[in-house]
Amino acid sequence: VTENDVLRELLHLPAIEVTSRRRRPAAGDWVPKGVTVPAGSELRAHYKGQLHLAEVLSGALVLNGKRFDSPSAAAMSITRHPVNGWTFWEVRLPGQGRWTRLKSLRSGGTVGSATE
């Protein structure tokens, strides 16, 4: 339950439903390994005391102005060694206030598909 959920309930506003799966990605969505990450999603990672921020733009993960097709490739550009990008990154989907592990989208999380 997010802060937004609590406020919506207190103010008697309708809950916002988030589609659990999409049949087709929208224009600009990023689709690594069959998982749809909506355009406008933000990603973050903490590594060696630094916060790294990326975003989903035009069908790719953009980190420091560079486009990446996979979360692991983006993570390796930071760590300089092999790393599982699905566990390295946290994601905040558009319109949501909370961060979750990118990996959660692979297992049928808020948005995405577990097809691989």
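Which residue in β5 is the bridge partner of Leu43? The partner is Val91. This is a predicted model.

**The sheet**

Strand β1 covers residues 42-47, and strand β5 covers residues 90-92. The two run antiparallel and are joined by three bridges. They belong to an open sheet of six strands. The order is β4-β3-β2-β1-β5-β6, with antiparallel pairing. β4 (66-68) and β6 (100-101) stand at the edges. Each has a single partner strand, so one side of each has no neighbour in the sheet.

Helix α2, residues 71-79, packs on this sheet. The helix touches β1, β2 (50-57), β3 (60-63) and β4. The directions of α2 and β3 make an angle of about 15°.

Asp29 sits in the loop between α1 (3-10) and β1. Gly28 lies in the loop between α1 and β1. Their accessibilities are set out here.

| Residue | Relative accessible area | Class |
|---|---|---|
| Asp29 | 9% | buried |
| Gly28 | 24% | partly exposed |

Why does Asp29 count as buried? Its relative accessible area is 9%, and buried means under 20%. Gly28, at 24%, counts as partly exposed, because that class runs between 20% and 50%.

The side chain of Asp29 has a polar atom 2.9 Å from the backbone nitrogen of Ala26.

Gly28 has contacts beyond its neighbours within four places in sequence: Ala39, Val56, Leu57, Ser58 and Gly59. Gly40 is twelve residues from Gly28 in sequence. In space, the two are 8.5 Å apart, C-alpha to C-alpha.

Technical notes. Residues numbered from 1 in each chain as written. Predicted model: local features only at pLDDT ≥ 70, side-chain atom pairs only at ≥ 80, totals over all residues. Heavy atoms only, no water. Pairing = 2+ DSSP bridges. Helix = DSSP H or I, 4+ residues; strand = E, 2+ residues; numbered from the N terminus. Contact = heavy atoms within 4.5 Å. Axes fitted to C-alpha atoms, helices over the stretch in contact; angles between N-to-C directions. Buried < 20%, exposed > 50% of the residue type's maximum accessible area, 1.4 Å probe, protein only. Polar contact = N/O pair within 3.5 Å; in protein donor to acceptor, adjacent residues only side chain to side chain.
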